[in-house]
Amino acid sequence: MPSAGLDARGLAEVRRVGRADLMVGIPSYANAETIGFVVRAATAGMVQYFPDLKPILVNSDGGSPDDTPRVAISTESPEYIEKIILVSPRHKLQRISFTYQGLSGKGTAVRALFEVARELEVKAMVMVDSDLRSIAPEWIELLAGPILKGGYDFVAPLYSRYKYDGTITNAIAYPLTRALYGARIRQPIGGEFAISGDLVRRYLELDSFDDLTARFGIDVWMTHSAINEGFAVCQTRLGAKIHDAKDPASDLGPMFRQVVGTLFGLAGRYQDRWLKVRGSHPIPEYGFERVIAPELPLRRPGRLPPARGRPRPAPRRADPALLRADRGVHLRDGGDDHRPGRARDRVTGPGVRDAEAVPRLPLEGAPRREGRLMPPRRRAPYRILLPLANPRTARDLVRIGAGVSGGRPTEITALGIVEVPDGVSLAEGATTARTARRLLQRVLDFGDEEAVEIRTMVRIGRRAADGVIEAVGEEGSDLVIFGWGGPPTPAAAARSAAARGGPREAAVFSPTIDAVVRESPSDIAVVKQRGLDQVSSILVPVRGGPHAELAMRLARDLGRRFAAQVVVMHVVPRGIGERALRREQEALDAFVKEHGGGRTVRGLLREAPSVRAAILREASSHQLVVMGASAHPAQVTPDGRFLFGVVAETVASRARPTVIVVKTRQQLAVATFDELRAAEGTLAAADAYVEHSRSLPTIVDRWFAENTFHAGEFREVAKLVDLKEKRGVTISLGLPALNEEKTIGLVIRRIKTALMDRFPLLDQVVVIDSDSTDRTREIATELGVPVVRHSEILPETGTYRGKGEALWKSLHVLDGDLVAWVDTDIRNIQPRFVHGLIGPLLREPRIQYVKAFYRRPIREGATLQAEGGGRVTELMARPLINLFFPELSGMIQPLSGEYAGRRALLESVPFFTGYGVEIGLLIDILEAAGLSAIGQVDLERRVHRNQPLGNLSQMSFTILQAAISKLEERHRIELLTEVGRGMKVIGQEKDRFNLEVREVADSVRPPMRTIPAYLERRKGLKR
């Protein structure tokens, strides 16, 4: 069936695209003169500022008599734009143009765009007018950024406009928006907006779209509907808006009727909301202030007469300089003009470049600068942290987490904490951490049952609470859900007191939960689990305190999840009188109406002498209780030990159904502990955590425990394949080889059979040959594996001898998002050598690079000794690392030849061409991604060809050179002389010695992403 605004042909074209992340919609009619410039700027904005998202540009045309649709599609291709701004996006940008169906008007065009956005399931939709002459690529980031990176749903524009431009806005739309709803949105009918996917779907559900809205009433309809439907609204500064002016005689009259008619129609619909409004409040503003005083609005021939004494201000064609990132934009003072951005008392600022006007840092969580950047807002996705002492009991907690997101994308992290006592190295927790990871894998099955993605995390610490608080900061969690087994028995309490060394203050829930609640790093829910098998009724006791709204929201969402009725209960003392009772009922009804959000929510007023007794009695008739913490400080006992208040804690302990007690975070809604460090009024407990010293040995010990894996953790290859498909990644394996005919066949057969033929874990295996003179290449080819000589890859860059050169060039022929390398001289090769490296990358998104370690036997004659291999590592590399790169001192075998990493990281670092490649990669990745991004995995045992001592001496010389060059790059030491490339090798002939000078040194290859041919090939793979 064709949609309201799309015919069958248009709908089929949209469905051909599939899905998109970011959409720019352009409604048009007879705008062939300007739409090309708008398309060019919008395309550049999507490619430049959102290269990782899948973009689409959609033109909804009203049957233009000129070439508007053709111009929209045929304007310079996205590939041309990419060459100008030097960005390689992950996805090919697509364009669609269609003629909308139904009543002619801008509103109908926009509604058709909504239908396209819903069909494509976009995260954000940006709408721009087709007659703009001042649009710049930055407008796309300024509009979409607050939604994609700030969690807002509706973004209205803030323009610097000519004083006679925007008559209806200045005289009608803005004053009434502010007066009715208290929202200071300066341009409620601005023309350029951004809308979240959630809000798009809500727009299409509303029944208030009428004939007036279908024309010019659409802008004010979108703004007022977003406000009244409870969505997050902000504004963004776009600078000057220059566009084709409207003719007052033919355009403004109908526009006035349509805008005002829509505005008053919505006012009647939302009367209950604006009758309660008192005063007005500012709406968050996004972006830096940049005031560009526009000239007189543009006119078309035959429209407005030119101003006296002033030439026509703009050429007929848009200035192509508007697409240049280095154009100058000047800040001016608006004098007595009181429009947004032009206040009387503003101090004139310095000139800035437009590309610098909105840096990326503010969107990524930098501290807000008062009055200039939008306050941080985390709304989508909804991030939930589940600290689990016993993963077997996590099913109900996962069900709750999956049900409280309100339809938003949900990210659940199951957290395991390993506590290591004081006085014991944190590295001792490594074995326990592996056990914890295995237990947490059971939680993933619960996520499949609830159709929500769960990832696992294990943290090592002295106190479990510290690990939870740190995880909240790292993950940016919105909600922490604790499971609580109930109050301890007297015997357990006695044992706990003895362990603490005396009868100190008893825990309310548990020492861990209490400590986290006191620090309030996020919203917190404590769940006393008593089953959630059949939930038909949910009780929400409220007192109207600061935590009641959170309890109401969670209960409302869970009511939808379980198809249950929600009963909002308010308890009042007996004998308060009829008049007081009536007021209490009215207040409860108002609370339910404002926060209930549906017919399945009803209020219940109870008179009782005891609030606790009344709630416990009523709870027996329901299957779930959701309540907030105490509203009044007076309800906290004198010793201050009650964290949620007496009522909530008593109900949690004694009620028969499952009870969820919630507590909101503090008003300072900061997302990371870096922001907490700089913010005023930070909680004392959070300050204590930030100030907690973490010495380097502690950091390394903790890293060792958390980031040391065993190949056995990833032995279930089928689960790794499922993870690979969920992540949407591809995996390539490179096999560097030089004269390995004795072992390469065994290596290929075991890996290919297990990880390609039996389980499709690997998408690609390639042998990278360094001009072998034996049968290495022939054997690999016979076994069906492609062979490429590294000297023939990227021939324009020249070639060097060495393993590092082969690895660097292999990035050009290996296509996977994850790339692994395994040496081909291994005699005891097993599939674990590959899936052990890949496993941490698939399971833990924070891990970027994984190194192998193992026991390394050494052959002495015909005997294989159990230990003794890795002589260069133990005698040179590890002492060197401990001296100059102590962060890496926990690496067991920094020179191991097996490793894997994410392409985005590997292509961004240089490669030494020879023996220095391992130490060089490790140091550069430490600098680029940090220690926490590096992992190591135990592959148990490796048997390979051992090299003679003389070769090891030259290897050590090369590795030492590489490390010293990295030290010099970072100015960590100063050398008196330049590093030499020549090494005097001592030779022995019968009874005499001699010296031979050999040039032993690596060259350095630049990051692969700087090679044009590589970029061109990667771009071709994405098409």
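Tutor: A helix crossing is left-handed if the near helix is turned anticlockwise from the far one by less than a right angle, and right-handed if clockwise. Keep in mind that this is a predicted model: local features need pLDDT of at least 70, side-chain atom pairs count only at pLDDT 80 or more, and totals for chains, interfaces and linings use all residues.

Student: Let's start with the overview. How many helices and strands does the protein chain have?

Tutor: The protein chain has 34 helices and 36 strands; these are DSSP runs numbered from the N terminus, with helices being H or I of at least four residues and strands E of at least two. Of its 1023 residues, 55% are buried (under 20% relative accessible area; exposed is over 50%, partly exposed in between, with a 1.4 Å probe and protein chains only). Take the contacts (heavy atoms within 4.5 Å) between residues at least 6 apart in sequence: 79% of them join residues at least 24 apart.

Student: At what angle do helix α5 and helix α8 pack?

Tutor: Two packed helices are described by the angle between their axes and the distance between the axes. Here, α5 (residues 106–120) and α8 (residues 197–205) pack at about 125 degrees, their axes 9 Å apart. That angle makes α5 oblique to α8 (under 35 degrees is roughly parallel, over 145 roughly antiparallel, 65 to 115 roughly perpendicular, the rest oblique). The axes are lines fitted to C-alpha atoms over the stretch in contact, and angles run from 0 to 180 degrees between N-to-C directions. Now our opening term: α5 passes α8 in a left-handed crossing.

Student: Which residues in α5 and α8 meet?

Tutor: From α5 come Arg111, Phe114, Glu115, Ala117 and Arg118; from α8 come Val200, Arg201, Tyr203 and Leu204. The residues of this contact divide into five nonpolar, no polar and four charged.

Student: How many aromatic pairs does the structure hold?

Tutor: The structure holds 10 aromatic pairs. A pair of aromatic rings is described by the distance of the centres and the angle of the planes. Phe209 and Trp221 are edge-to-face, 5.5 Å centre to centre with 85 degrees between the planes (rings of Phe, Tyr and Trp, its six-membered ring, pair with centres within 6.5 Å; under 30 degrees is stacked, over 60 edge-to-face, the rest tilted). Phe209 lies in the loop between α8 and α9 (218–228) and Trp221 in α9, so the pair ties together parts 12 residues apart in sequence. Phe209 is partly exposed at 21% relative accessibility, whereas Trp221 is buried at 0%.

By contrast, Tyr849 and Tyr899 form a tilted pair, 6.1 Å centre to centre and 45 degrees between the planes. This pair links strand β28 (residues 849–855) to strand β31 (residues 899–902), its members being 50 residues apart. Finally, Phe114, Tyr203, Phe209 and Trp221 form one aromatic cluster.

Student: Why is helix α21 largely enclosed?

Tutor: Seven of the nine residues of α21 (residues 646–654) are buried, so the rest of the structure largely encloses it. What covers those buried residues includes β16 (479–484), α20 (611–619) and β22 (658–663).

Definitions and conventions: Residues numbered from 1 in each chain as written. Heavy atoms only, no water. Nonpolar A, V, L, I, M, F, W, Y, C, P; charged D, E, K, R; others polar.
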